[in-house]
Amino acid sequence: MTRDAPVADPAPARCEGCRDGQGFSMPISMAFQPIFTSGDDGVAGVFAYEALVRGKGGEGAGSVLSQVQDGNRYAFDQRCRVTAIELASRLGLPATGALLSINFLPNAVYEPRACIRATLAAAERSAFPARSLMFEVTEQEVMRDPAHLLHILHSYREMGFRTAIDDFGAGHSGLNLLAKFQPDVVKVDMDLIRGLDHDAKKAIIMRHVIAMCRDLGVALVAEGVETPAEYDTLRDLGVSLFQGYYLAKPGFEQLPRLRADA
């Protein structure tokens, strides 16, 4: 999954969001949750850290997202990107060699190559390698405007960024999306992971999802792993990337380590 250094091609300096949009007034920060890579002898390292929005005092994502409206969606999306990059840089994430995964709102991206400029500027100011950025979008977002999302994903790919589809299997459009665009990473929805160790039907579905991603050249992350049994079953099925409370909870303004009892 090697990428050249991302660059923003010439594009209009201003678009609808930054020209007509409102600011986002609520102060925000980030929590980070690692995605671990597993080898034959257990957890081998950190593949990426996902940035999760929080209030400045540690308030949950729900309280922040409740303040997002049509008029300030662009400003919120931009603020999240910049905050995640600046904080991750201060915490020393670049030295770990891991990726930084940033969730984005497709309906807050008007023109990908114009709307990426603040992101690249934040990376340059913070001495954060832009090639270590991964942009993550939930499967549910696909249904709102598939053509626009595909335009964004293709543009990000052309600019050298990695892409990830979150909550895969939670909606009804994931397979159609994979037929049109293969992201670097697919994160399987936690509802499929939950109780997989004692649910034969879930295990069968998961086995086929793993094979499909392997054939497409897409890395698969099992997210929402909460028990040793789920973790062991997934490893037996061939999964090597994991995220969930069993391994590490999100750390507010910190990069969590693997739980000692995991």
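Threonine 138 has aspartate 166 of strand 5 as its bridge partner. This pairing belongs to a predicted model, in which local features need pLDDT of at least 70, side-chain atom pairs count only at pLDDT 80 or more, and totals for chains, interfaces and linings use all residues. Residues are numbered from 1 along each chain as its sequence is written, and side-chain values use heavy atoms, with hydrogens and water left out.

Strand 4 (residues 133-138) runs parallel to strand 5 (residues 162-168), with five bridges between them. Strands here are DSSP runs of E, at least two residues long, and helices are runs of H or I, at least four long, both numbered from the N terminus; two strands pair if DSSP finds at least two bridges between them. Strand 4 also pairs with strand 3 (residues 99-103), again in the parallel sense, over four bridges. There, serine 101 sits opposite methionine 134. Five of the six residues of strand 4 are buried, so the strand is largely enclosed by the rest of the structure. (Buried means under 20% relative accessible area, exposed over 50%, partly exposed in between, using a 1.4 Å probe and protein chains only.)

Threonine 83 is buried, at 16% relative accessible area. Leaving aside neighbours within four places in sequence, it touches Ile28, Ser29 and Met30, contact meaning heavy atoms within 4.5 Å.

Met30 turns up again in the largest nonpolar core: among its 45 residues, Met30, Phe32, Leu100, Phe104, Tyr156 and Phe161 touch the most other members. Such a core is a set of buried Ala, Val, Leu, Ile, Met, Phe, Trp, Tyr and Cys residues joined through side-chain atoms within 4.5 Å. Helix 3 gives the most to this core, nine residues.
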